[in-house]
Amino acid sequence: MQGPPNLVSAESRREAEQLFHNIKQELTIETAGQVIQNTKNQCVLFQIAQMTGEIVLRDWVLLSKEQIIHTYKMLLEFRGIIDEKTGDQEELFELIHNLLVSPHTRLQAIGGELISAVTQQFSSSWRNSKFSITWDFHMRAKTKFEEVGLRRLLEMSLKTLHALLSQANVLSDEFAHRICGKFLEVAETTLSWNFASKIFRRVFSLCQTTNSFRPPASWKDLLESDEYIASFLIRHLKLTYTSLQLHAKIRSDESLSIHSLSCLVQLAGLSGEVMASTEFTEHYVRLYIGSLMDLFAEGRVLLSRTLFCAFVLFGSKGPLPHEINYFCTIVNRLFQYRPIQSIMRIGADLRRKFLTYLSQYIQHLTNQAMYNAIGRGEHDDHHSLSLLFESWTLLLRGRWRLELSQEEETQIDSELIIGPNLQIVKRFVECVQAPPLGCRTPIAPDADDDDEDDRTMFNDLLTPLGTMACYCIRDFMDMMIHLLNEHVSEFQRMASGSSDLSRLPFWQEDMHWLLLIVANSVVGEDIDGTCRTEGDVFESSVALVADRGHVFRLIGEVLAWASLEHQLVVEAVPNFVSPELTRSSLLCMRRLLSAASCPVEYPDADPLALPVLPQTGPFSQLIVKFVVRKVFTILSKFGGEEKLCLDAVSLLTGMTEAYATSLASEPELFDHLAQLDIAALPSRTLLMKALVLIGAATNDQQLQENMSARILDPLGQRFAQTCQQPPNSEVDSQLVDLIQCMDGVARASQPHSAAILFKFLIPVLESCVPLMKARSYSQPVVAAILVLIQNITTKVSIYVDDKDDSATLYRMIVMIVDVYRSEQASRFIGMTENDEDKGSDLVLFLDILSNVLSKDILEGGEDNVATGARVALAALEMLLSVMNESVLKLPDLAMKFFRLVLYLVEFSREALAVMSVPLLVALCQCLREGMTSQYGSEIACTSMEALTEVVSYFIVMNRPVPPELAQQFTQTIPLAFESCLENSCENTVFNEATSCLYGLICFDKEAFDRFVGEMLSSKSNESASNKLREEFAALLPEDPKPGRRER
């Protein structure tokens, strides 16, 4: 095993590995002890010591307490770290402490390994060892360790670190430095602990993704001491920064600083049972923020009798580069993990100091973050700044929930709203404006290579910035109106030649940022694309009717620039048109016009005081004309700019809800469409969706018929004609474009329009059947057809109630499946996990089948097998024929397939009665393959759940089971049993495994008894066979029945 490759062959090495494997099967604790005590060979010692731990867990129920303790002592003696002396749990922790403070590096390392081994085992609600100890056993052990052992580790680290405070040479003393690092790691591990959940432990513990510090109530006495809370703040500076003389040198030592800052982050998020008392929470927050301010905001030494220490403080510059993200995370967690009231009640002086420092540091970091992000393409500080922006918005929102006296309210308004909040907003605006108005650095040369747009990349700043703007909305709108007006005037001067044209690129970037800020402030956008005016704007408009003019003036400035820009696009003025700036203009227009056009009912307010644009009349007609001209001019002149065209179509879509009738009756709309080939546009799918939505949203039937006659009917005729043309690459490309236009029609479906659109799309689907056969060589055509069917089943047929229409659709899909099976199935022969592109068709098929099954489930009905399930059955045989081991390694494809099978056997169980025997056998074989762990736990769960449904169907319905299928069930018993043992602590998998095993036992109890008998007769189980036999007998009743869940 240790020999060099030139002396030991691969076969010999495998034989040696097999030898140790065989030894492990036969080895006992006593024999292992004899080997450890009598051999000097390091390889043998390592292998046997490793086996010993496995044997203890394997034979746990058979070993006495004395044997386990003896083995534990033996292993410690083997490591050479104690002198044949050990004791209770307390002595073990003392031993670990002694190891960590030992002057010998090897012993320190062993102490660290001990802590690592213990904490790794209990760090998660999932079992970390490779033995099938039960989940309940693991959780009980974990909880006990958290109550005693983990707390003891924390106390140990505090004790040592406090002792180190008295040393003035921690960094220069190698031993002290090493000790400090070791115990900081222990403290960091403890404070980052993922504590076991007490409520719904079996469910929630598997979903924990955050490690906020949530110790149990038994820790409260430890946490109530000021020394505990302050010790990490002290250590962060006092321990490592012991004098102002060494200030610069010590702070550059990141190794200790980062561990300490991690501890501070965890302390900032302290929550759970220990924080149940409001009084204690406020005391803790007051102490933490006070210490934090001493740490970062001052430049002197403070002595505190209650804190047992001195803080060596940073000075006015605040955190160092490696500390910035930690500091921002600390502030964010302070606000995220407790009520804002606790922040506001820390005392007037400390609150003022804290909020003042925080607002100033946000402004400072804004300069730094935006300089690095824009000028260098570095976003570390940008992401840190987003944490502070989020924290500040939490303060703003939480301030209104406080019950305050008039004096306190005025004071907090002064500290938060009137000055600092507006200054933060102004500072951000300055940072994205070029001199002389701002301080934006030139854009990094490689910034254009970034795939993300500014609106996406900086969304985590623009969104909270918009919230801040709403809390000083009048001042903000005044500022933006002024800046937009100034910029438009400057542009006019450049266009006329009276101003320096070399500033044009800087001006375009300035305007781009101003429009992004406006688009993210006065209005908000929901996840479905609906835009709304922010509530603070309404409140301001109602309180001061004049503010309604501010909103309209702001919209007017944006429209003024959009009009000027439109003129430049029409005249094709070179260099003056920037696609990126035009995109920002379209985004801003869409959000402002869409939000301002939606009628809003505001209690006790004069409708004329609300910032809402009229939906009828001359002004609305003017807006509609302008939008139509702008959108279609961009589509005709910038057809190759995909993102720009998508933004233009999005503007048209955003006008639909308020101005559908005006758009549908606008002659210029049809004039532009007559001159435009929609199918040739990269945005054809979304444009067709927008046009269909306009027609569906208008309440005028004549306008609807007109739009259908002038848009949909010609499209359908063109598609039918193209389908008849002889195949060639150009025709195939046209077909793909036209099918994607049809896809836009399907995506526009709504409950009230689905039936009409379905009638239009059915002839298209009928043409797709022969088209898929004739164009089987063209993957783009095949994929486009499948995408169209997917969207029809997702957006259209779900709203169609007519049974005949549904039957027609299902018939078309079955025909498509048949054609695909005959023409395309051969593509998947020899397919591997690397051929992910080939699997995209199958993913689309699975989505289609899931959609038709979902419609069955929603509609109910007694004979589901005659509807969507029939489609699924028709496709299942084809899918099973290509679902080999390699194909199943494609995660998305495999998950969708097994979910489809589960839906079919769970909600359309009657389909099992009409399946052929070969199909049932192939299905069970595939489910058995999914039950193995190689495809992940989720697929294993789904496979076992589906197999349980299949087995229970044949048991409950008392149907005859073909011998081939019965054999599949019997052969699955060992695999189900193995799954139970391997996943005893993975609760979700364990539940499905036990249910599956129980169902198989109910189906054939004799087969299970034979399986158990064979297991117990094996040589490795001889010593425990009697006890195991008793345990197996106790697991089940004599005659197990389906529906019960014995374990």
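Visitor: How many disulfides does a search of the whole structure find?

Guide: A disulfide needs two cysteine sulfur atoms within 2.5 Å. In this predicted model, the search of the whole structure finds zero.

Visitor: Is cysteine 645 buried or exposed?

Guide: Buried means under 20% relative accessible area. Cysteine 645 has 0% relative accessibility, so it counts as buried. Cysteine 741 is buried too, with a relative accessible area of 1%.

Visitor: What describes a pair of aromatic rings?

Guide: The distance of the centres and the angle of the planes describe such a pair. The structure holds 20 aromatic pairs. One of them joins phenylalanine 327 and tyrosine 361: the ring centres are 5.2 Å apart and the planes are at 85 degrees, so this pair is edge-to-face.

Visitor: Which helices hold phenylalanine 327 and tyrosine 361?

Guide: Phenylalanine 327 lies in helix α15 (residues 324-336) and tyrosine 361 in helix α17 (residues 348-376), so the pair ties together parts that are 34 residues apart in sequence. Phenylalanine 327 is buried at 0% relative accessibility, and tyrosine 361 is buried at 4%.

Visitor: What are the distance and angle for tryptophan 507 and tryptophan 561?

Guide: Their centres are 5.1 Å apart, with 65 degrees between the planes, and the pair is edge-to-face. Tryptophan 507 belongs to helix α23 (residues 504-519) and tryptophan 561 to helix α25 (residues 546-571), so this pair ties together parts 54 residues apart in sequence. Tryptophan 507 counts as buried at 0% relative accessibility, as does tryptophan 561 at 1%.

Visitor: Which residues form one aromatic cluster?

Guide: Phe389, Phe428, Phe458 and Trp513 do.

Technical notes: Residues numbered from 1 in each chain as written. Predicted model: local features only at pLDDT ≥ 70, side-chain atom pairs only at ≥ 80, totals over all residues. Heavy atoms only, no water. Buried < 20%, exposed > 50% of the residue type's maximum accessible area, 1.4 Å probe, protein only. Phe/Tyr/Trp six-rings, centres within 6.5 Å; stacked < 30°, edge-to-face > 60°. Helix = DSSP H or I, 4+ residues; strand = E, 2+ residues; numbered from the N terminus.
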